[in-house]
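Colleague: I would like to go through the labels on this model one at a time. For each, please give the value and the rule behind the label.

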Amino acid sequence: MASDATTRPPVVELAGVGKSYGNVRALYGVDLTVRPGQVTCVLGDNGAGKSTLIKIIAGLHQHTEGELRIDGAPVRLSSPRDALDAGIATVYQDLATVPLMPVWRNFFLGSEPTRGPWPLRRLDIARMKRTTDAELRAMGIELDDLDQPIGTLSGGQRQSVAIARAVHFGARVLILDEPTAALGVKQSGVVLKYIAAARDRGLGVVFITHNPHHAYLVGDHFTVLRLGTVEVSAARDRITVDDLTHHMAGGAELAALRHELARVPGGAPAPDPVESEDPVEGKETAP
């Protein structure tokens with residue numbers, strides 16, 4: 001991790017940002033700072049506001065409260081193209097790839113270089129293959145065959161290609177929407193490795209996840225959202241993975257629930273999930 005990351009000026013800042021849909025307030029009072037060479041992890045349960053936050057930074061939705069700043073200047077992003085022009089790239093869970101197309105074609109999908117005079121211009125396939133191979137290798141990704149359909153790659157490999165693609169096309173801030181959600185342990189490790197590689201190349205990374213253990217492996221700063229607002233925001237040296245797990249699971253509410261259940265006549269105290277009789281189950285459901 002870059003030791004001087006916290007001293008660098010932020011690329012993206014959210015100050016008191018909120019978003020309302022009519023009478024529904026989905027997000028309010030959110031502060032978030034994204035710096036170069038730093039992984040900012042945003043955690044929260046379903047309905048916490050993570051998706052709304054992503055859409056604001058990615059230019060899909062405009063905030064209705066507070067201020068969004070890029071390089072210190074207040075902005076209102078009106079489209080994903082505005083965000084891309086500012087160097088903000090978002091990699092969603094579906095990856096926006098065409099499974100039957102080869103890896104190199106997916107790498108340049110929508111931005112294919114061409115050669116030759118008009119009207120005889122054609123795809124510069126050799127350049128695309130050469131560039132794809134070089135960029136993947138620069139991220140530590142080595143594929144035996146760039147002509148293989150991207151759908152034949154593992155989930156972790158596809159995520160890695162999407163990350164390398166965003167870096168190549170000039171991203172300064174990389175937003176990753178639950179990149180490990182549908183992956184096993186080994187493939188999650190592959191993705192986390194490339195998140196760290198993107199940070200080491202100087203990108204500001206926003207890592208959206210449900211998994212505090214994955215977040216803590218690569219994160220530099222942690223923000224936990226709950227019901228549309230920030231419950232906790234802390235640097236790595238001020239929080240533990242147990243603290244993250246506690247806040248993610250609504251630890252205070254669970255403690256209150258156990259206390260209430262213990263007072264029910266004839267009822268037994270609700271067991272602490274960490275002390276479950278099944279050690280595997282206990283670890284899975286720990287608050």
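Modeller: A polar contact is a pair of N or O atoms within 3.5 Å, where one must be able to donate a hydrogen and the other to accept it. Note also that this is a predicted model.

Colleague: What makes the pair of His214 and Thr180 a polar contact?

Modeller: The two side chains come to 3.0 Å. The limit is 3.5 Å, so the pair qualifies as a polar contact.

Colleague: Why is His214 called buried?

Modeller: Its relative accessibility is 15%. Buried means under 20%, so His214 is buried. His214 sits in helix 7, residues 212-218. Apart from neighbours within four places in sequence, His214 is in contact with Thr180, Ser188, Leu192 and Phe207.

Colleague: How do you know that the pair Tyr216 and Phe222 is stacked?

Modeller: The structure holds four aromatic pairs. In the pair of Tyr216 and Phe222, the ring centres are 5.5 Å apart and the planes are at 20°. Phe222 has a relative accessible area of 0%, so Phe222 is buried. Elsewhere, ring pairs link Phe107, Phe108 and Phe169 into a cluster.

Colleague: What lies over the face of Tyr216?

Modeller: Arg236 does, at 4.2 Å from the ring centre. Lys19 likewise lies over the face of Tyr21, at 5.1 Å from the ring centre. The distance limit for this label is 6 Å, and both values, 4.2 Å and 5.1 Å, meet it.

Colleague: How do you know that the buried residues of helix 4 are on the same side?

Modeller: The buried residues in helix 4 are Met128, Thr131, Thr132, Glu135 and Leu136. They cover an arc of only 125° around the axis, which puts them on the same side of helix 4. In general, an α-helix has 3.6 residues a turn, so residues three or four places apart point the same way. The cover over the buried residues of helix 4 includes helix 3, strand 8 and helix 5.

Colleague: What is the span of helix 4 from its first C-alpha to its last?

Modeller: Helix 4 has 14 residues and reaches 20 Å, close to the 20 Å expected at 1.5 Å a residue. Just after helix 4, Gly140 takes a positive phi of about 85°.

Colleague: What makes helix 5 mostly covered?

Modeller: Ten of its 14 residues are buried, including Gly155, Gln159, Ile163 and Val167. The buried residues of helix 5 pack against strand 6, helix 3, helix 4, strand 9 and helix 6.

Colleague: Where is Pro119 found?

Modeller: Pro119 is in the loop between strand 7 and strand 8. The peptide bond from Trp118 to Pro119 is cis, with omega near 10°.

Note on methods
Residues are numbered from 1 along each chain as its sequence is written. This is a predicted model: local features need pLDDT of at least 70, side-chain atom pairs count only at pLDDT 80 or more; totals for chains, interfaces and linings use all residues. Side-chain values use heavy atoms; hydrogens and water are left out. Helices (H or I, at least four residues) and strands (E, at least two) are DSSP runs, numbered from the N terminus. Buried means under 20% relative accessible area, exposed over 50%, partly exposed in between (1.4 Å probe, protein chains only). Contact means heavy atoms within 4.5 Å. The expected span of a helix is 1.5 Å times one less than its number of residues. The arc is that of the directions from the helix axis to the C-beta atoms. Rings of Phe, Tyr and Trp (its six-membered ring) pair if their centres lie within 6.5 Å; planes under 30 degrees apart count as stacked, over 60 as edge-to-face and the rest as tilted. A charge sits over a ring if NZ of Lys or CZ of Arg is within 6 Å of the ring centre and within 35 degrees of the ring normal.
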